[in-house]
Amino acid sequence: QVLGDYDGKVRVVYRFFPLSIHKNAKISGQGAYAAYKMGKFEEMKDLLYENQPSWEGLNDPRQTFIAYAKDLGLDTGKFEALMESNEAKKAVDSGEKEAVGLGLNSTPTFFLGNKQILPSDESQFKKLIDEELNK
């Protein structure tokens, strides 16, 4: 919602930060990475967040993620290979190391420029963005 009010002046950059308290965090990150490589990150991200309660406790959610890929019109064989690839594992591990190096311990975490922000609601989020844009 906030992005729509800024017409390209603000962008969101997603980073992988698989929290250890979520047993399927790494593989979901790898699924998101595979979708990114196939041009459907936004759509997969939305499916993962919207449906998290249905897959977060599974012993192995891979087939669920492959079904999401199919729903998005992706080649499921290519998706599965990418999700299981060393490339995907390295991307997720790299994001995790970066987050830990920044001292982060939760998601979502927001930065505006290089400064971490903790907006309590949408209006405060917009206020902080406006202040940054008006510098």
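In what follows, a residue is called buried when its relative accessible area is under 20%, exposed when it is over 50%, and partly exposed in between, with a 1.4 Å probe and protein chains only. Helices (H or I, at least four residues) and strands (E, at least two) are DSSP runs, numbered from the N terminus.

Colleagues, the model before you is predicted: local features need pLDDT of at least 70, side-chain atom pairs count only at pLDDT 80 or more, and totals for chains, interfaces and linings use all residues. Residues are numbered from 1 along each chain as its sequence is written, and side-chain values use heavy atoms, with hydrogens and water left out.

I begin with the overall architecture. The protein chain comprises seven helices and two strands, in the order α-α-α-α-α-α-β-β-α from the N terminus. Its C-alpha atoms occupy a box of roughly 50 × 30 × 25 Å along the principal axes. Of its 135 residues, 33% are buried.

I turn now to helix H1, residues 25-37. How many of the 13 residues of H1 are buried? Ten are, and H1 is thus mostly covered. Among them are Ile 27, Gln 30, Tyr 33 and the glycines Gly 29 and Gly 31. The cover over these buried residues includes helices H2 (41-50), H3 (52-55), H4 (62-71), H5 (76-83) and H6 (86-101). After H1 comes Gly 39, with a positive phi near 85 degrees.

Next, the packing of H1 on H5. Their axes, which are lines fitted to C-alpha atoms over the stretch in contact, with angles from 0 to 180 degrees between N-to-C directions, come within 8 Å and cross at roughly 130 degrees. The two helices are therefore oblique to each other; angles under 35 degrees count as roughly parallel, over 145 as roughly antiparallel, 65 to 115 as roughly perpendicular and the rest as oblique. In contact (heavy atoms within 4.5 Å) are Ile 27, Gln 30, Gly 31, Ala 34, Ala 35 and Lys 37 of H1 with Phe 79, Leu 82 and Met 83 of H5.

Finally, H2 and H4 pack at about 135 degrees, with axes 10 Å apart. That angle makes H2 oblique to H4. Met 44, Leu 47 and Leu 48 of H2 meet Phe 65, Tyr 68 and Ala 69 of H4.
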